[in-house]
Amino acid sequence: MYSSDIKINNSLNTSKVQQLVDAIMQLISTDDVQVGDLLPSVNQLNRDLGLSRDTVFKAYKELIRRGMIESTPTKGYYVASENNRIFLLLDSYSPFKDVLYDSFVKTLGKDYHVDLAFHHYNFRIFETVILNSIGKYNMYVIMNFNNEKISDVLRKIDPKKLLILDWGKYKDENFSYVCQDFGSAPYACLEEAKHLLKKYKVLYYYYPDDSVHPDTTYNYFQRFCNENEIKYSLLKELKEDIVEEGSAFFIFRQKDLVDVLKYIKVKKLKMGKEVGVLAYNDAPLLEVIENGITCISTDFVEMGKKAAGFIKSKEKTEVVIPTKLILRGSL
């Protein structure tokens, strides 16, 4: 590594210490820099880049703290390890994200450091966080902002270092992905549960205005109901009188599930007999509520493993994780 490889911009508001740390980490993440390669000396950076010795010392001290470089009196400063820092950007917190994250981190192992962030479907946060992360990590795993198209900001990341997670398989795009099928897969699960769903008078698709689940699922839900002559309704707002004997609910968020369960309890309805509940995305809690909540779910343990596999292999990955019906007592 040469001092000429390191770029410092005097016009930026970012401190020169942070710029030097970021620049060296970015160089370490490339294939051109190997473990054991020497870094420019403090005097060399002082002379070639006009950086004070104190600035260089502070930057090198931070890189040593992160385990990226080491120093010896005879050898000077040198690269200690690959920059195995991974940026994981998820949409929002939910119980199944814990399952996904734990699987991802466990499969990667202790040699990788994962920084986790959430964008909460706020595009300003999504864009800012990604732009601030570029160059600081050698691999990126990101849940895109929507399921219809790749956000332009993702094109600023080297596609060889980027994995689109959960919402993926974009037409005519050259990105790696590990995703779930939001259309034909849940349709097949609904078909599998048809004998249970048909015993209810009406099937509600509970989708408040602030929900973000892909519209594709609703299109297939409508097709399923029409083909099987099941009365259905798109429910935007839950009211107590809707939760009654003969009704069933297809629910996508945990907080919406809690609301439905509260009304079922208040009205003393028997879940699985008088009222039905079908959730989307499994979580440990769904196993223990009453006789269990039936759900349609992707295997998030497998999703985490496949995402970690991409990080380790750095090979183009195009995987759709199977979705299955998990039958419990709520239908």
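Reply: Let us begin with pairing: two strands count as paired if DSSP finds at least two bridges between them. The model is a predicted one. In it, strand E7 (residues 176-180) and strand E13 (residues 318-321) run parallel and are joined by four bridges. Within that pair, Val178 has Val319 of E13 as its bridge partner.

Me: Which sense of pairing, parallel or antiparallel, links strand E6 (residues 162-166) with E7, and over how many bridges?

Reply: Strands of a sheet pair through backbone hydrogen bonds, in either a parallel or an antiparallel sense. Here E6 and E7 pair in the parallel sense, over four bridges.

Me: What is the order of the strands in the open sheet?

Reply: The order is E4-E3-E5-E6-E7-E13, six strands with parallel pairing. Strand E4 (113-118) and E13 are the edge strands, each pairing on one side only. On average, and with direction ignored, neighbouring strands of this sheet are turned by 15° against each other. Elsewhere in the order, strand E3 (residues 85-90) and strand E5 (residues 139-142) run parallel and share four bridges; the bridge partner of Phe87 in E5 is Tyr140.

Me: Why can E7 be called largely enclosed by the rest of the structure?

Reply: A residue is taken as buried under 20% relative accessible area. Five of the five residues of E7 are buried, so the strand is largely enclosed by the rest of the structure. Ser176, Val178 and Gln180 point one way from E7, while Tyr177 and Cys179 point the other way, and all are buried.

Me: How should I read the packing of helices, and where does helix H4 (residues 95-108) lie?

Reply: For a pair of helices, one reads the approach of the axes, the crossing angle and the residues that meet. H4 lies across E3, E4, E5 and E6, running at about 165° to E3. The axes of H4 and helix H11 (residues 300-313) come within 7 Å and cross at roughly 35°, and the crossing is right-handed. On the H4 side the contact involves Phe96, Val99, Leu100, Ser103, Phe104, Thr107 and Leu108, and the residues they meet in H11 include Phe300, Met303, Ala307 and Ile311. By class, the residues of this contact divide into eleven nonpolar, three polar and two charged.

Me: How does the span of helix H1 (residues 16-28) agree with what its 13 residues should give?

Reply: The expected span is 1.5 Å times one less than the number of residues. For the 13 residues of H1 this should be 18 Å, and the end C-alpha atoms are 18 Å apart, which agrees. The buried residues of H1 are Gln19, Leu20, Val21, Asp22, Ala23, Ile24, Met25, Leu27 and Ile28. Among the elements covering them are helix H2 (42-48), helix H3 (53-65), strand E1 (69-72), strand E2 (76-79) and E3.

Me: Which backbone angle deserves attention at Glu229, and is the residue buried or exposed?

Reply: Glu229 has a positive phi of about 55° although it is not a glycine. The residue lies in the loop between helix H8 (215-227) and strand E9 (232-235). Exposure requires over 50% relative accessible area; at 76% relative accessibility, Glu229 therefore counts as exposed.

Me: Where is Glu290 found, and what is its phi?

Reply: Glu290 is found in the loop between helix H10 (284-288) and strand E12 (294-298). Its phi is positive, about 50°, although Glu290 is not a glycine. At 63% relative accessibility, Glu290 counts as exposed.

Key:
Residues are numbered from 1 along each chain as its sequence is written. This is a predicted model: local features need pLDDT of at least 70, side-chain atom pairs count only at pLDDT 80 or more; totals for chains, interfaces and linings use all residues. Side-chain values use heavy atoms; hydrogens and water are left out. Axes are lines fitted to C-alpha atoms, for helices over the stretch in contact, and angles run from 0 to 180 degrees between N-to-C directions. Helices (H or I, at least four residues) and strands (E, at least two) are DSSP runs, numbered from the N terminus. A crossing is left-handed if the near helix is turned anticlockwise from the far one by less than a right angle, and right-handed if clockwise. Contact means heavy atoms within 4.5 Å. Ala, Val, Leu, Ile, Met, Phe, Trp, Tyr, Cys and Pro count as nonpolar, Asp, Glu, Lys and Arg as charged, and the others, Gly among them, as polar. Buried means under 20% relative accessible area, exposed over 50%, partly exposed in between (1.4 Å probe, protein chains only).
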